[in-house]
Amino acid sequence: MSASAASVDELHALIAQHEAQIELLNAELAETNLGVVALYSELEDKAAQLRDAAELKSRFLSYISHEFKTPLSSIRSIARILLDELDGPLGDEQKRQVGFIQTSAVELTDMVGDLLDLARVEAGKINISPAWFEMVDLFSTLRGMFKPLVGDTAVALIFEEPVGLDRVYTDDRKLSQIMRNFIANALKFTSEGEVRVSAKAIDGDRVEFSVSDTGIGIAPEYQSALFQDFTQVDSPIQKRFRGAGLGLALSKKFAELLGGEVGVVSEVGRGSCFWVRLPMRLKASVSESPE
């Protein structure tokens, strides 16, 4: 066999070897593609299951909340009638017990409202209605709302006058609900001292609302989970201050809807400061635009 013939045979063998390798790679690639397709299909199935589960959760929360509203309203009305002594006088102990009933009914009603709002947020059915409003009007409303709760307690509820802040364009109802949750928590965890509400401009085009207190504070290991749904701080110092764990989670969701964020700074024994930062002018991603 000549040298040229041997070279041709070697070339053919090399080509055949490469073709075999290509066929093997193609087979492996086809098998990999099948695995990827199967994985995508499985991921789509899981995503669909998660969407169905989220929808069922929202429907369940909405249904249960609606079912609770009527009997709770009845309990509050009856308690109010008894406390007003429209059907006859009550003894001091009877008034105290009926007062407990009314307070519990109010707390349950607030919890039901939070459940409904959470269900609406998760279902994407919360409407944002921005408008221009003055800071002093918001603080005045909040002051009037919480004044009866402070009463003769050893806690001073202080609203600082906003300085250098013009009108804000956002959904004042959602913002008010965030602030109500912050203030209510601060009053709950503060037995003496003060709860201070303030607002200031930051970064030129944003505003920070904060609620600081001189209460029991929150340990660092519990702070990261505060704004999650149904989260309660499992701390011995806070076991007597139990709630549903909905208010802060709802505040976080509302803040995100308004283009902002929430956070907390706290130290055990020295108090906490909860804040929400929002754009002074909500961007035109909502249906209504500024005047």
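Mentor: Over residues 8-35 the chain is 100% helix and 0% strand, with 40 Å between the end C-alpha atoms; helices (H or I, at least four residues) and strands (E, at least two) are DSSP runs numbered from the N terminus. An unreviewed UniProt entry annotates residues 8-35 as a "coiled-coil region"; such positions are given in the numbering used here, feature names are shortened, and annotations may be inferred rather than shown by experiment. The model is predicted, and local features need pLDDT of at least 70 and side-chain atom pairs pLDDT 80 or more, while totals for chains, interfaces and linings use all residues. Residues are numbered from 1 along each chain as its sequence is written, and side-chain values use heavy atoms, leaving out hydrogens and water.

The protein has six helices and seven strands, arranged along the sequence as α-α-β-α-β-β-α-β-β-α-α-β-β. Of its 291 residues, 34% count as buried, that is, under 20% relative accessible area, with exposed meaning over 50% and partly exposed in between (1.4 Å probe, protein chains only). The protein exposes about 18,000 Å², of which carbon and sulfur atoms supply 54%; these areas come from the Shrake-Rupley method with a 1.4 Å probe, and for residues only the protein chains shown count as cover. Among contacts in the protein with a separation of 6 or more, 70% join residues 24 or more positions apart, a contact being heavy atoms within 4.5 Å.

Helix H6 spans residues 247-257, and its buried residues are Gly247, Leu248, Ala249, Leu250, Ser251, Phe254 and Ala255. Their cover includes H2, H4, strand S6 (261-267) and strand S7 (271-279). Ala249 belongs to this helix and counts as buried, at 2% relative accessibility. The C-alpha atom of Ala249 is 9.5 Å from that of Ala225, although 24 residues separate the two in sequence. Just after H6, Gly259 takes a positive phi of about 75°.

Two packed helices are described by the angle between their axes and the distance between the axes. The axes of H4 and H6 come within 9 Å and cross at roughly 150°; axes are lines fitted to C-alpha atoms, for helices over the stretch in contact, and angles run from 0 to 180 degrees between N-to-C directions. H4 is therefore roughly antiparallel to H6, in a scheme where angles under 35 degrees are roughly parallel, over 145 roughly antiparallel, 65 to 115 roughly perpendicular and the rest oblique. The crossing of H4 and H6 is left-handed, meaning that the near helix is turned anticlockwise from the far one by less than a right angle, with clockwise giving right-handed. From H4, Lys174, Gln177, Ile178, Asn181, Phe182 and Asn185 meet Gly247, Leu248, Leu250, Ser251, Phe254 and Ala255 of H6.

Asp114 lies in helix H2 and is buried, with a relative accessible area of 13%. Leaving out residues up to four places away in sequence, Asp114 touches Gln177, Leu246, Gly247 and Leu250.

Beyond its neighbours within four places in sequence, Gln223 contacts Ile218, Val264 and Ser266.

Two loop residues complete the view. Most residues other than glycine have a negative phi. Glu85, although not a glycine, has a positive phi of about 55°; Glu85 sits in the loop between helix H1 (3-83) and helix H2 (92-122) and is partly exposed, at 29% relative accessible area. Asp203 also has a positive phi of about 55°; Asp203 lies in the loop between strand S4 (192-202) and strand S5 (206-213) and is exposed, at 62%.
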